[in-house]
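Please look over the sequence and the structure below before reading on. The explanation after them refers to both.

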Amino acid sequence: MEETNREAVATAVQRVAGMLQRSDQLDKVEQYRRREARKKASVEARLKAAIQSQLDGVRTGLSQLHNALGDVKDIQNSLADVSKDWRQSINTIENLKDVKDAVVQHSQLASAVENLKNIFSVPEIVADTQVLIEQAELLEAHRKLMDLECSRDDLMYEQYRMDSKNTHDMNLIRNYFGQVQGLSDDLAKQLWMVLQRAMGTVRRDPTMLVSVVRIIEREEKIDRRMLDRKKQTGFIPPGRPKSWKEKMFEVLEGTVTTRIEGSQSVTREADKMWMVRLLEITRKYVLDDLIVVKNLMVQCFPPHYNTLDRFLKLYHNAVSMRVQELAAEDLEANEIVSLLTWVLNTYKSVEMMGHPELLTEYDINLMGPLLPQEVVEALLSKYVQTFTSNITGWLRKALETDKKDWFKETEPEADQDGYYQTTLPAIVFQMFEQNLQVAAQIDETFKEKVLKLCLKQMNSFLIRYREEVIAYKEDHLKDRQLPQCYVQYMIAIINNCHTFKESISSLKRKYLKSMEQTQNDAAIEKTLNDVAKDGCQFLLDEVFLDLEQHLNELLTRKWLTGSHAVDTICVTVEDYFNDFAKIKKPFNTEMTSEAHRRVVVEYIKAVMQKRISFKNADERREGAERMIKEAEQFKFLFRKLTAGEETDRLCDAIAAIAEVFKLTDPSLLYLEVSTLVSKYPDISYQISTPLVAHHWLR
């Protein structure tokens, strides 16, 4: 207490010190004193109120304890009286055992009397019930059946209560009502038959389906009542619980499964499109049935059955089992695509489970996949293997067909612009297009995978294509008269390379999200360029084989005395290039440039080979003039072939050499030759030394 007083004094001193820190605050001492006095009075009032409240609570508690003590004494006295009365009544209870037995017997007799009418009329009721079942009067039949079962069950229960070990009397009752169980079974068969035909029944006579559901609901209530009584007494009638509700769902599940499995009307042997037909029939059946369930059948079942959800699950499970069975078969590539397209796309589309009439009732995304992912992956892998094998065979067959066309005696077809072509690119890319369209039906990832596979096979195919083109040229060289349209088909082959490039770009634009280069693009581009270059080279070889004799006449004595070799060369080249005009750009332009280069090279080679020795300056001048004239002929020819493009530089090399031949001053010879070599580096100084011999030989 003293410690508390000291702390209070210290706190008060601290507060006073805080209020009187400045001299001007001394004037407010009286004001501070009154404020603190008010606070003190307020605190004392609160303390008094709190203490008074505590005292009132204690007083009330004491009063309640006093009352409780009185109640306990009263209860104690009452229990003593009850104990005394109970001891006195033990003998009385034992004397009432006979009365108890009489009550039980009276209850049994009362039950027997109550069911007496039914007991004596059991055979008649059984017969009537049988007729009602056969006439499909199911509700009335069930009412009579319930009466019979009720009579039997009550009698057996009373017998069980009286003497549960008396099996003789129990069997007597059971045998007397023996036909009742048969009626129950017959009625159940009728119920299951109606449920098996539920889709048709609900359209034709929905009241029949409603009656079946009402009967099953009644039996469910009786089952629950009998099970509750079993918990209390240990007795349950024969045949209980019937569990007809559970059996009803099993029957409906079997009906759905049978309907799905029974949709296959054709086999692979009878129809190659059997898978498509099967899946379409399944789609139609499922959609039609579920719409009937939503619009008609739901009204025939109690709301707590969740009928639509239940049927959705039944159909989903049945379809899932069916497609898994189909997936386990040895399917062909087109059948795999049809199945996966249906499973991954059609099933959840508006054509089936996503139909507007169904979509408002449930979330389609909550339904699991029809096929496990590992099964889908296995099918896709099998498709890729089959597709790879098939496409290799298709490409080989397409190439063999195209090769046969190369040996025809008629020219190849031309496109709308007049360029020769064969059907090979169209066949190949039509094949690719069809398979990509099919793959696109599955999903985007698989579509891109198939495209890359096509491009990979395309690369291998083009390598074989090039080998066949080379073999085609080799066969032609054995007899240049055959095939008759060798040049035209070689042109078509070159044009095919251009078509292949355009078709590949078109496929990539159409079926790839991005135009990024794939690992096969560079190889395909190189192989196509090689095939086109080979084709151009083979055609130029064909040209120069025809020109060989005339090229050999250049810079010979016959040439100097009036040969028409260059005229023939120009005519032959122009004639060939009339056909070469049917080659697409850029190959025709490159080919013209290469022909121009080779003509000039052959001409310069003729100069270097010392085929003629000029006898005097006049012959040199005459030869030089002829060379200049023929250079102009070549210029004119290749300007014409290149539609006016610059072609003079190569031919100017011939004219430059001719100018050297025209020299008469030996001191200028080396200067002119050096100038020539510097202007045309391809003509080295060593190669140009024969010019000196040409110039001085007589």
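Predicted model: local features only at pLDDT ≥ 70, side-chain atom pairs only at ≥ 80, totals over all residues.

Residues are numbered from 1 along each chain as its sequence is written, and side-chain values use heavy atoms, with hydrogens and water left out.

We begin with charged side chains. A salt bridge is a side-chain nitrogen of Lys or Arg within 4 Å of a carboxyl oxygen of Asp or Glu. The whole structure holds 41 salt bridges. One of them joins the side chains of K382 and D330, with 3.1 Å from N to O. K382 belongs to helix α16 (residues 373–406) and D330 to the loop between α13 (307–327) and α14 (333–346), so this pair ties together parts that are 52 residues apart in sequence. Helices named here are DSSP runs (H or I, at least four residues), as strands are (E, at least two), numbered from the N terminus.

The surroundings of these residues can be described by relative accessible area: buried means under 20%, exposed over 50%, and partly exposed in between, with a 1.4 Å probe and protein chains only. K382 is partly exposed at 25%, whereas D330 is exposed at 63%.

Another salt bridge lies within one helix. K478 and D475 have their closest N and O atoms 3.8 Å apart. Both residues are in helix α18 (residues 444–478), three residues apart, which means that about one helical turn separates them. K478 is exposed, with 70% relative accessibility, and D475 is partly exposed, with 38%.

In the salt bridge between K508 and D521, the closest N and O atoms are 2.5 Å apart. This pair links distant parts of the chain, 13 residues apart: K508 is in helix α19 (residues 486–511) and D521 in helix α20 (residues 521–553). Are K508 and D521 buried or exposed? Both K508 and D521 are buried. Salt bridges can also form a network, as they do among E149, E219, D223, R240 and K242.

Next comes the surface. V16, L20, L26 and V29 make a nonpolar surface patch of about 310 Å². Patches consist of residues with over 30% relative accessible area and no salt bridge; like charges are joined within 9 Å, and nonpolar side chains (Val, Leu, Ile, Met, Phe, Trp, Tyr) within 5 Å. The accessible areas come from the Shrake-Rupley method with a 1.4 Å probe, and for residues only the protein chains shown count as cover. V16, one of the patch residues, sits in helix α1 (residues 2–19) and is partly exposed at 42%.

Empty space is the next topic. Rolling a probe the size of a water molecule over the atoms shows where empty space is left. On a 1 Å grid over the protein atoms alone, a cavity is a set of points where a 1.4 Å probe fits but cannot get out; a pocket is an open set with protein on both sides within 12 Å along at least five of seven lines, and lining residues have an atom within 4 Å of a point. Grid points are joined across faces, edges and corners, and a volume is the space filled by probe spheres set on the points.

The largest pocket has about 480 Å³ of space. Its lining has 23 residues, and V276, N334, V337, S338 and V438 lie nearest the centre. Two or more lining residues come from each of α12 (274–295), α14, α16 and α17 (424–440). Which element gives the most to the lining of the largest pocket? That element is α14, with eight residues. The lining of this pocket divides into 12 nonpolar, eight polar and three charged residues. Here Ala, Val, Leu, Ile, Met, Phe, Trp, Tyr, Cys and Pro count as nonpolar, Asp, Glu, Lys and Arg as charged, and the others, Gly among them, as polar.

There are three cavities of 30 Å³ or more in the whole structure. The largest cavity has a volume of about 60 Å³, and the residues that line it include L195, M199, F311 and Y315. In the lining of this cavity, α11 (244–261) is among the elements that give two or more residues, and α11 gives the most, with four. Eight of the lining residues are nonpolar, one is polar and one is charged.

Two distances complete the picture. L371, in the loop between α15 (356–359) and α16, is buried at 3%. C150, in helix α6 (residues 138–162), is partly exposed at 38%. C150 and A440 are 290 residues apart in sequence and 66 Å apart in space, C-alpha to C-alpha.
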